[in-house]
Amino acid sequence: MYRLTTRTRAGTATEIAVLVLVVAALALPAVISRGVIQDLFFILTMLTLAQIWNLLAGYGGLVSVGQQAFVGIGAYAMFAGVILLGWNPVAAILLGGLAALALAVPTAFFAFRLQGAYFAIGTWVIAEVTRLLIAQWKALGGGTGTSLPREATSNIMGTDAIRALFGVREAAARDILAYWLALALVVVVTGCIYWLLRSRLGLALAAVRDNVDAAQSVGVDVVRLKWAVFLIAAAATGLTGALIFVQTARISPEAAFAVTDWTAYVIFIVVIGGIGTIEGPIVGVLVFFALRSALADYGSWYLMTLGLAAIAVMLFAPKGLWGLISARTGLHLFPVRRRLAGPKIEGGI
């Protein structure tokens with residue numbers, strides 16, 4: 001009996017390795033410095049944003065350059081929950097996801113009427129309009145921004161237990177909590193994307209990306225699928241944005257809606273790593289962090305180096321660094337392609 005499957009030995013080994021790494025990552029704060037914890041938080045949150053954008057563009061064909069809208073609205077919703085409603089910052093992170101989901105509805109309504117480059121530009125325009133509107137919100141600092149109240153940051157849910165567990169100060173406990181939440185978020189987001197791509201919905205999504213007309217001809221509800229992917233991606237981006245600004249505890253429209261930080265860098269990560277693969281953003285974020293750490297003190301040369309690196313990868317490895325590795329080794333850590341599996345035939349033909 002033959003059957004379609006996506007499971008491979010490499011995939012099974014990867015699942016076991018990921019489980020071990022997650023357990024080890026949970027214990028890392030006991031043996032590493034606060035600076036390393038902050039660096040890991042940055043890597044995990046950028047990886048989450050990259051996986052989300054990769055789902056949109058790499059699998060759904062929705063090339064958005066306005067993801068900063070959902071990061072920003074998620075962050076501001078979290079601040080509103082803390083400052084205006086008196087919520088604990090951890091609980092207020094959920095408001096970030098809901099606010100981003102609410103913004104995604106009108107965004108999709110207008111953007112889905114555009115195609116190709118017009119869709120990309122349309123999402124950016126909506127993000128800029130959102131930034132300008134948020135800058136008028138005087139209760140949250142207007143154009144200059146604001147900070148989380150001292151009483152809110154000193155009573156963040158879970159920090160007392162972390163202080164007792166690791167014997168650290170309040171600020172370090174907040175960083176550890178944010179790191180753990182970022183770890184949980186990236187595992188859930190990546191795991192859900194992996195599950196989606198291995199399901200029938202994943203096949204439908206790939207069909208829509210490759211040829212909309214062909215997908216419709218075999219019964220795929222293209223409109224509903226695009227809406228679902230866009231809304232889910234927006235909510236996850238909003239949660240990530242809220243978490244990022246819980247850790248920084250300071251917000252302004254320029255920082256929350258920064259196209260460079262939350263869209264340009266994310267696109268760079270996905271492109272150099274390998275768009276359309278789960279492994280690509282993982283490779284890309286590690287390369288990006290290494291370049292950022294080595295060149296951040298060189299001002300404009302840093303941005304020029306990132307641009308040159310992206311151009312070189314697109315010229316010599318169009319499928320990204322992971323695409324190059326995979327093509328040469330045949331390795332797929334997160335296999336999503338279907339293949340026929342069945343009983344082995346002994347003794348040849």
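Is Glu-254 buried or exposed, and what is its relative accessibility? At 52% relative accessibility, Glu-254 counts as exposed, where exposed means over 50% relative accessible area, buried under 20% and partly exposed in between (1.4 Å probe, protein chains only). The model is predicted, with local features needing pLDDT of at least 70 and side-chain atom pairs counting only at pLDDT 80 or more, whereas totals for chains, interfaces and linings use all residues. Residues are numbered from 1 along each chain as its sequence is written, and side-chain values use heavy atoms, with hydrogens and water left out.

**View 1. Salt bridges of Arg-131, Glu-128 and Glu-254.** These three residues are linked in a network of salt bridges, each defined by a side-chain nitrogen of Lys or Arg within 4 Å of a carboxyl oxygen of Asp or Glu. Arg-131 meets Glu-128 at 3.0 Å, N to O, and its closest N and O atoms with Glu-254 are 2.9 Å apart. Because Arg-131 lies in helix α5 and Glu-254 in helix α12 (residues 253-256), the latter pair ties together parts 123 residues apart in sequence; helices here are DSSP runs (H or I, at least four residues), numbered from the N terminus.

**View 2. Crossing of helices α4 and α11.** The axes of α4 (residues 89-111) and α11 (residues 222-248) come within 7 Å and cross at roughly 145°, the axes being lines fitted to C-alpha atoms over the stretch in contact, with angles running from 0 to 180 degrees between N-to-C directions. Contact, meaning heavy atoms within 4.5 Å, involves residues including Gly-97 and Ala-100 of α4 and Ala-235 and Gly-238 of α11.

Note on methods:
Helix = DSSP H or I, 4+ residues; strand = E, 2+ residues; numbered from the N terminus.
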